[in-house]
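Here is a short briefing for a first look at a protein model. Keep the sequence and the 3D view open while reading.

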Amino acid sequence: MADSVRVQVLMPKPQAERFDAFCREMGYKKSPLIARLIREHLDREDFYPQLDLFSREERQSRES
């Protein structure tokens, strides 16, 4: 995962303990599970960001 970005998540202690217990009992590692849940949620919401048509440099040269 060379392109990976670290994301930190804060949650209330009871929720964190519940998540920890779930991962332990189900045999999941927290980080891959969180990444999968986020990906599945974005897919379910059918969210795909619109990509820039031009790079920042191209936009700046067009504005000049």
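Gln-8 sits in the segment before helix H1 (13–26). The model is predicted: local features need pLDDT of at least 70, side-chain atom pairs count only at pLDDT 80 or more, and totals for chains, interfaces and linings use all residues. Residues are numbered from 1 along each chain as its sequence is written, and side-chain values use heavy atoms, with hydrogens and water left out.

**Gln-8**
- Gln-8 counts as exposed because its relative accessibility is 71%; exposed means over 50% relative accessible area, buried under 20%, and partly exposed in between (1.4 Å probe, protein chains only).
- Gln-8 and Ser-31 are 23 residues apart in sequence, and their C-alpha atoms are 10.0 Å apart in space.

**Fold and surface**
- The protein has 3 helices and 0 strands, in the order α-α-α from the N terminus; helices (H or I, at least four residues) and strands (E, at least two) are DSSP runs, numbered from the N terminus.
- Of the 64 residues of the protein, 6% count as buried.

**Largest pocket**
- The lining of the largest pocket comprises 12 residues, and Val-5, Val-7, Ser-31, Ile-34 and Ala-35 lie nearest its centre.
- On a 1 Å grid over the protein atoms alone, a pocket is an open set of points where a 1.4 Å probe fits, with protein on both sides within 12 Å along at least five of seven lines; lining residues have an atom within 4 Å of a point.
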